[in-house]
Amino acid sequence: MAEDSELEKTEPASQKRLDDAREQGNVPRSRELATCSVLLAAGCALWMLGEKLIAQLGSLLSNSLVFEREQAYDMNLLVTRAASLLVDVLLAFAPVAGVLMLVAIGAPLLIGGWNFSTKAFMPSFDKLNPLTGLTRMVSTHSLVELGKALGKTVLVGYVAWIVVRGKQEAVMALALEPLNVGSAHLGHLLLQCFMLIVFSLVAIAAVDVPYQLWQHASKLKMTREEQRQEAKESEGNPEIKAKIRATQREMARRRMMAEIPTADVVVTNPTHYAVALKYTEGKMGAPRVIAKGADEVAAKIRELAAEHNVPLLEAPPLARALFRHAELGDEIPEALYTAVAEVLAYVFQLKAHASQGGLRPTAPTALEVPPGMDPHNEQGEQG
């Protein structure tokens, strides 16, 4: 049962899966919405521009029936006149055509947005497979599309019947009206019927849009195994990342250990912590931490320091404060300047003693470490 649940597509599509589908040209689309938008735009354009358009077409028709005698016997003049009339007709329809073009281009923004994918034009041999074609013919998607087509036919036919039936008396009355008035009245009746029928498509589009969004989301759903595999591909295998981090830590540790022979002093806890400090006058504003560690790493730092004759100083509070508040490669905190200055003064005295002799300096014991800097004091207060 657990394996079956892992293979079921129950998880929503990730952003990467959505982006990949978009690159393939797979975005939600509603043909009903596009058709409804274009037809509504056509009806509105004719409603607002229809009278002007009819007047222009009437004028063009009248002008086309009047021509000079030479044009009837000269093919060149006749072709030129026909081309001029064709341009005038196209210009007359240009406002309506412009509205339709803008709506047709802008309709995809309502669902799915604009999307241009060259991969959608690539040939697919699966589409040439007869078995695949038969499968698509009897699929759930095909049945839904068939149901939509039947429903649209029934709904539009029913609305058209009601509209025409309601305008029956007005249509019969057209025979009693003068030609100009009757023609204009007929145009208004046809446009009203057209708009009422188109409005019935709004109901179909209102059902089709949520369905297309749901179907697109369902088609791109993922199994839990696919989610894990995608996470591994996008973020990297956790085991490999852990190995990389371990390698990076080892390399940083080796670089840190290589810096210990250049340290001026190593402050110890004496066993739990070890912090190596270095100060170069004129090049550093304050002493820097060039190595630090706890437990085994601290033991290795002490061992390397002893091998290279780097002074070791037992100062537990200072060692704990440096380990907690000073990052590797950074200067020590300002609050520890005084304590570290005493340590460095002791180190310089040791160097002078080694080169000149005399009394051996005494290691500082009462180093001033602010209570808030020592983690041991913090633990004591919490306890």
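The model is predicted: local features need pLDDT of at least 70, side-chain atom pairs count only at pLDDT 80 or more, and totals for chains, interfaces and linings use all residues. Residues are numbered from 1 along each chain as its sequence is written, and side-chain values use heavy atoms, without hydrogens or water.

Helix α14 spans residues 337-356. Helices here are DSSP runs of H or I with at least four residues, strands are E runs of at least two, and both are numbered from the N terminus. From first C-alpha to last, α14 reaches 28 Å, close to the 28 Å expected at 1.5 Å a residue. That expected span is 1.5 Å times one less than the number of residues.

Burial follows relative accessible area (buried under 20%, exposed over 50%, partly exposed in between; 1.4 Å probe, protein chains only).

| Side of α14 | Residues |
|---|---|
| Buried | Ala339, Val340, Val343, Leu344, Tyr346, Val347, Leu350 |
| Exposed, other side | Ser355, Gln356 |

The largest nonpolar core has 24 residues. Such a core is a set of buried Ala, Val, Leu, Ile, Met, Phe, Trp, Tyr and Cys residues joined through side-chain atoms within 4.5 Å. α14 gives the most to this core, with seven residues. Leaving aside neighbours within four places in sequence, Val343 is in contact (heavy atoms within 4.5 Å) with Val265, Val267, Leu313, Leu318 and Leu367.
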